[in-house]
Amino acid sequence: MKKFLPLHDRMTSLIHLSFLFVICHLSFLTLISCTEQQEHTAPAINESDSVSMMTTYGVNTLISDSGVMKYRIVTERWDVNVVRNPSRWEFMKGIFLEQYDDKFHVAGYIQADTAWYFDQKRLWHLRGRVRVRNVNGLVYTSEELYWDGLKHELYSNVFSRVVTPERTMEGSYFRSDERMTHYLVTNSKGSFMMEDIQGDSNQQKEPADTAQQTEPQRQPAVRHAASPKPTVTP
């Protein structure tokens, strides 16, 4: 004769069996997950994600070259990035660069809205309201200018304007030495003294200061050597 468990005991046994089944199932899933681990890796760092090694705010400092103070840099923000290729200094908030001669006299200045300096190439890239002035009073303005420290020259492939005490020049290409005493402007236009074009002021009947051309003169290329002038500091 079979014996039947009370209803309460049978319900308790079913609960225990269900609980045991759940525990075994979870243990089996845990075992599988432990044996099949997946490695979670972050995406590769792109060049644009590289950060600056140094960021300095409110900069007003002197820079030496071969042990001699040559420049003064004034900028709101200066980033030094050695991770990117090529390494560079970044001046995204504008820059004012003052240059000195061997006697620590002001030889000129350069300013721009944005600038990059590639230290390995010794190359400056200036953009946005670029303005340069040298010791002879020459003023150069453009939207872009390169300064090659290895070749000791400045050049630009965009519209440029050169103003000196004697003449005004505009052109789509500019190249000059570092001191801007000898420069080249191509596809140029501007105003000149008549003696600059003819080369002989004795042939003119009018005084030189009243014989200025009113119509722009277009020439393929014009080279100029800046005339000696009193020292002018910005």
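Predicted model: local features only at pLDDT ≥ 70, side-chain atom pairs only at ≥ 80, totals over all residues.
Trainee: New topic. How many salt bridges does a search of the whole structure find?
Mentor: Eight. In general, side chains of opposite charge can pair when their charged atoms come close.
Trainee: Show me one. What does R175 pair with?
Mentor: R175 meets E153 in a salt bridge, at 2.5 Å from N to O. R175 sits in strand β12 (residues 173-177) and E153 in strand β9 (residues 153-156), so the pair ties together parts that are 22 residues apart in sequence.
Trainee: Is E153 buried or exposed?
Mentor: E153 is buried, because its relative accessible area is 16% and the cut-off for buried is under 20%. R175 is partly exposed, at 28%.
Trainee: What about R129? Which residue is its partner?
Mentor: D113. Their side chains form a salt bridge of 2.9 Å, N to O. R129 lies in strand β7 and D113 in the loop between β5 and β6, so this pair links parts 16 residues apart in sequence.
Trainee: And R129, buried or exposed?
Mentor: R129 is exposed, with a relative accessible area of 59%. D113 is partly exposed, at 30%.
Trainee: One more pair. How far apart are the closest N and O atoms of D79 and R77?
Mentor: They are 2.8 Å apart, in another salt bridge. D79 is buried, at 3% relative accessible area. R77 counts as partly exposed, at 28%.
Trainee: Okay, empty space now. How does anyone find that?
Mentor: Rolling a probe the size of a water molecule over the atoms shows where empty space is left.
Trainee: What volume does the largest pocket have?
Mentor: About 440 Å³. It is lined by 20 residues, and D65, K70, Y71, R122 and W147 are the closest to its centre.
Trainee: Which strands each give at least two residues to that lining?
Mentor: β1 (54-65), β2 (68-81) and β4 (95-100).
Trainee: And how do the lining residues divide?
Mentor: Into 10 nonpolar, four polar and six charged.
Trainee: What about cavities? How many of 30 Å³ or more are there?
Mentor: Two. The largest cavity has a volume of about 170 Å³. Of its 17 lining residues, Q99, A107, G108, R133 and E178 are the closest to its centre.
Trainee: Which strands give two or more residues to its lining?
Mentor: β4, β5 and β7. The largest share comes from β5, with four residues.
Trainee: Great, thanks.

Key
Residues numbered from 1 in each chain as written. Heavy atoms only, no water. 1 Å grid on protein atoms, 1.4 Å probe; cavity = no way out; pocket = protein on both sides within 12 Å on 5 of 7 lines; lining within 4 Å. Points joined across faces, edges and corners; volume = space filled by probe spheres on them. Nonpolar A, V, L, I, M, F, W, Y, C, P; charged D, E, K, R; others polar. Salt bridge = Lys/Arg side-chain N within 4 Å of Asp/Glu carboxyl O. Buried < 20%, exposed > 50% of the residue type's maximum accessible area, 1.4 Å probe, protein only.
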